[in-house]
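Please open the structure in a viewer and keep the selection tool at hand.

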Amino acid sequence: MLDDRARTLLKTLVERYIADGAPVGSRTLSRTSGLDLSPATIRNVMADLEELGLIASPHTSAGRVPTARGYRLFVDTMLTARPVDLEHVPAEVAAARGQLQPDQPQRVIAQAASLLSSLSHFVGVVTAPRKASVFHHIEFLRLGERRVLVILVAPDGDVQNRVIFTARDHQQAELVEATNFLNANYAGLSIEAVRERLKHEIDALRVEIAALMQAAVQAGSDALADSSDNLVVSGERNLLTVQDFGHDLGSLRRLFDVFEQKTELMRLLDTSSRAEGVRIYIGGESQVVPFEELSVVTAPYEVDGRIVGTLGVIGPTRMAYERMIQIVDITARLVGNALSAK
């Protein structure tokens, strides 16, 4: 899409804007790009980049700033972040890694969020390890007409309650029958395994029991997905000092609404947990990040070889992506090691 000259100028422009926070003009690019081009030629290339939607010109300046598309091309094709060996981490990480004491998983998660925030100077977010989706016992209790309470008990004793609305009214005797059938045939399986078996066995079940089974499986899935309390956020107030947000009270209000609700963050981090390695989400390029001036750098973390959660850094689109990638990658591996050692 771009020739080498245009790529070099875009890379230089993004790096200068990240470093200085000011729109970048053709004279600055002429001095810093390393290309033997006149300011007039650079202006022509910048006009092409602007036409492609990679940079934009603020009304108050003759310089240009990167757009979401420009940042995306930069982080996808122009970054040179290298993996960091845990034995040779930066001094600031080495000084902080001792915070991750594997005595209690929840404390490790809180410490990791604080570590991400202190290293990045932005916001650190970490999801606690997801609970196993296996159920030990299930019970149905009639609450009223077409309202049933589903009680799910996990092998570790954790209890989840969900109210479901049924297509018809069920008497308690029918609910006891469904309870006994489900516990006798499906206890010890994961919610996903129960859902899969029901697809094949649904015809053999009486219609009323089948409907309760399907509702119970959905309730179990909802209970596992409802994990906003397992999201730890640290350093929100750091964004008050960020130049990009500091003078825009409307932007700050919308941003803190995101942290308060946590729903969008959980959905984003859940998406990240299904990807390998570090991922970067740039606001304004899609509906994934619900805030235009925001970027999120995430990575899943593993315990004993299994992905159990996600962590990341939230900050302005004008962030030092190479450094954030290393911070997130290192912290994900440190958290995995700490939890695996418990």
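## Salt bridges

The structure, a predicted model, holds 7 salt bridges. Side chains of opposite charge can pair when their charged atoms come close. Three of these pairs are visited here.

Select lysine 11 and glutamate 15. These residues form a salt bridge in which the closest N and O atoms are 2.6 Å apart. Lysine 11 and glutamate 15 are 4 residues apart in helix α1, and so about one helical turn separates them. Lysine 11 is partly exposed, at 28% relative accessibility, and glutamate 15 is partly exposed as well, with a relative accessible area of 35%.

Next, select arginine 142 and aspartate 169. Their side chains meet in a salt bridge, at 2.8 Å from N to O. This pair links distant parts of the chain: arginine 142 belongs to strand β4, whereas aspartate 169 lies in the loop between β6 (159–165) and α7 (172–186), 27 residues apart. Arginine 142 is partly exposed, with a relative accessible area of 34%; for aspartate 169, also partly exposed, the value is 23%.

Then select arginine 168 and glutamate 174, whose side chains meet in a salt bridge at 2.6 Å, N to O. Arginine 168 has a relative accessible area of 36% and is partly exposed.

## The chain as a whole

Now display the entire chain as a cartoon. The protein chain has 13 helices and 10 strands. Of its 342 residues, 45% count as buried. Among contacts between residues at least 6 apart in sequence, 60% join residues at least 24 apart.

## Two crossing helices

Select helix α1 (residues 4–20) together with helix α3 (residues 39–51). Two packed helices are described by the angle between their axes and the distance between the axes. Here the axes come within 10 Å and cross at roughly 85°; α1 and α3 are therefore roughly perpendicular to each other.

Which residues of α1 and α3 meet? On the side of α1 they are Arg5, Ala6, Leu9, Leu10 and Leu13, and on the side of α3 they are Thr41, Ile42, Val45, Met46 and Leu49. The residues of this contact divide into 8 nonpolar, 1 polar and 1 charged.

## The five-stranded sheet

Select strands β7, β3, β10, β9 and β8. They form an open sheet of 5 strands, in the order β7-β3-β10-β9-β8, with antiparallel pairing. At the edges stand β7 (231–234) and β8 (279–282); each has a single partner strand, so one side of each is left without a neighbour in the sheet. From one strand to the next, the twist averages 20°.

The strand pairs may be followed across the sheet. Strands of a sheet pair through backbone hydrogen bonds, either parallel or antiparallel.

- β7 and β3: strand β3 (residues 123–127) runs antiparallel to β7 and is joined to it by 4 bridges. Glycine 124 stands opposite serine 234 in β7.
- β3 and β10: these strands pair in the antiparallel sense over 4 bridges. The bridge partner of valine 125 is glycine 312 in β10.
- β10 and β9: 10 bridges join these antiparallel strands. Valine 297 has valine 313 in β10 as its bridge partner.

Is β10 largely enclosed or left open by the rest of the structure? Of the 11 residues of β10, 9 are buried, so the strand is largely enclosed.

Helix α13 lies across β8, β9 and β10 and runs at about 25° to β9.

## Residues with positive phi

- Select histidine 121, in the loop between α6 and β3. Its phi is near 65°, a positive value in a residue other than glycine. Histidine 121 is exposed, with a relative accessible area of 52%.
- Select arginine 146, in the loop between β4 (137–144) and β5 (147–153). Arginine 146 has a positive phi of about 65°, although it is not a glycine. At 41% relative accessibility, arginine 146 counts as partly exposed.
- Select aspartate 304, in the hairpin of β9 and β10, which has 2 residues between the strands. Aspartate 304 takes a positive phi near 55°.

Terms used
Residues numbered from 1 in each chain as written. Predicted model: local features only at pLDDT ≥ 70, side-chain atom pairs only at ≥ 80, totals over all residues. Heavy atoms only, no water. Pairing = 2+ DSSP bridges. Axes fitted to C-alpha atoms, helices over the stretch in contact; angles between N-to-C directions. Contact = heavy atoms within 4.5 Å. Parallel < 35°, antiparallel > 145°, perpendicular 65-115°, else oblique. Nonpolar A, V, L, I, M, F, W, Y, C, P; charged D, E, K, R; others polar. Buried < 20%, exposed > 50% of the residue type's maximum accessible area, 1.4 Å probe, protein only. Salt bridge = Lys/Arg side-chain N within 4 Å of Asp/Glu carboxyl O.
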